[in-house]
Amino acid sequence: MRSKASALAAATGLLLCLGLAGCAPEPPEQGAPTVSTEEQSPAPGTAAPSAPEDDEPTTDDGTAPGTPEDEGVPAGEDGAGSGDDGETDPDADSDINATDDWREPEDPTAEGPTAAPVLPEVEGRIGDGVALPTEVVVSITSVTTTTLTAETPGEYTGPAIIVGVQIANESDVPQPVGSAVVALTGEGGEVGVPTWASPNDPLHGEVQAGGTVDGTYVFMMDPAGERSVTVRVNYSAGEPVATFTGTTP
């Protein structure tokens, strides 16, 4: 009787051991890293770890979809990935306007030119020739009066003074007269108004060495007869001025 009880207890113990052995975890494979239970389960209140970046899909050329290269924008051109937050070197273009021939002025406090230089002026009488230091002789060949009648828009009807001008070139080089300026004033500073009405025919082109050219200028002035007038002729920009005085018929 006692032997039967011992055999029954031994069989029960064997079954209990087999049951416990079936519930035990399998041992890790050889060479595989072991992971503690703390690493397997995140702490309460924390987010689960994200998937590794190696799992992101890539295109045929190895770049991830949506990258600047895939959209036609070079990396770093919009400031992303450049490492300098879009900042530029302040000294990169510091020498763009540099010059090697700059010299400090002798008198830094001196003021620069504030007006056009005064041109030399040679005076004469109407009807005479005025010789200028540039070997050019300016003459007023005629002064007459007339009454103009407006024929085109912009013209006026009224008394006018007609002035004939001649330029003689006594130098060895051609003299340009395309920029010639002729002005007429009356006594008291009254200004004769230039007009393009006929017979206006201003100087143009240039005067060859040893040659002469003639021009005609028309000025509105009321009255025009028996006036004391002054005519100034600057035959070329920046050259001396010939000044004539006289009286209109």
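Paired strands and a buried proline

Biologist: What makes strand S7 (residues 193–195) and S9 a pair?
Modeller: Three bridges join S7 to S9, and the two strands run antiparallel. The model is predicted. Pairing needs at least two bridges, so the three between S7 and S9 qualify.

Biologist: Which residues of S9 stand opposite Val 193 and Thr 195?
Modeller: The bridge partner of Val 193 is Met 220, and Thr 195 faces Val 218. Met 220 also stands opposite Ala 160.

Biologist: How do you know that strand S4 (residues 158–169) pairs with strand S9 (residues 212–220)?
Modeller: Nine bridges link S4 and S9 in the antiparallel sense. The cut-off is at least two bridges, so S4 and S9 count as paired.

Biologist: Why do S2 and S7 stand at the edges of the sheet?
Modeller: The sheet is open, with five strands in the order S2-S3-S4-S9-S7 and antiparallel pairing. Strand S2 (129–131) and S7 each have a single partner strand, so one side of each lacks a neighbour in the sheet. Neighbouring strands here are turned against each other by 35° on average, direction ignored.

Biologist: Why is Pro 240 called buried?
Modeller: Its relative accessibility is 5%. Buried means under 20%, so Pro 240 counts as buried.

Biologist: Where does Pro 240 lie, and what does it touch?
Modeller: Pro 240 is in the loop between strand S10 (228–234) and strand S11 (241–247). Leaving out residues up to four places away in sequence, its contacts include Pro 120, Leu 132, Pro 133 and Tyr 235. Glu 121 is 119 residues away along the chain, with 5.7 Å between its C-alpha atom and that of Pro 240.

How values were computed. Residues are numbered from 1 along each chain as its sequence is written. This is a predicted model: local features need pLDDT of at least 70, side-chain atom pairs count only at pLDDT 80 or more; totals for chains, interfaces and linings use all residues. Side-chain values use heavy atoms; hydrogens and water are left out. Helices (H or I, at least four residues) and strands (E, at least two) are DSSP runs, numbered from the N terminus. Buried means under 20% relative accessible area, exposed over 50%, partly exposed in between (1.4 Å probe, protein chains only). Contact means heavy atoms within 4.5 Å. Axes are lines fitted to C-alpha atoms, for helices over the stretch in contact, and angles run from 0 to 180 degrees between N-to-C directions.
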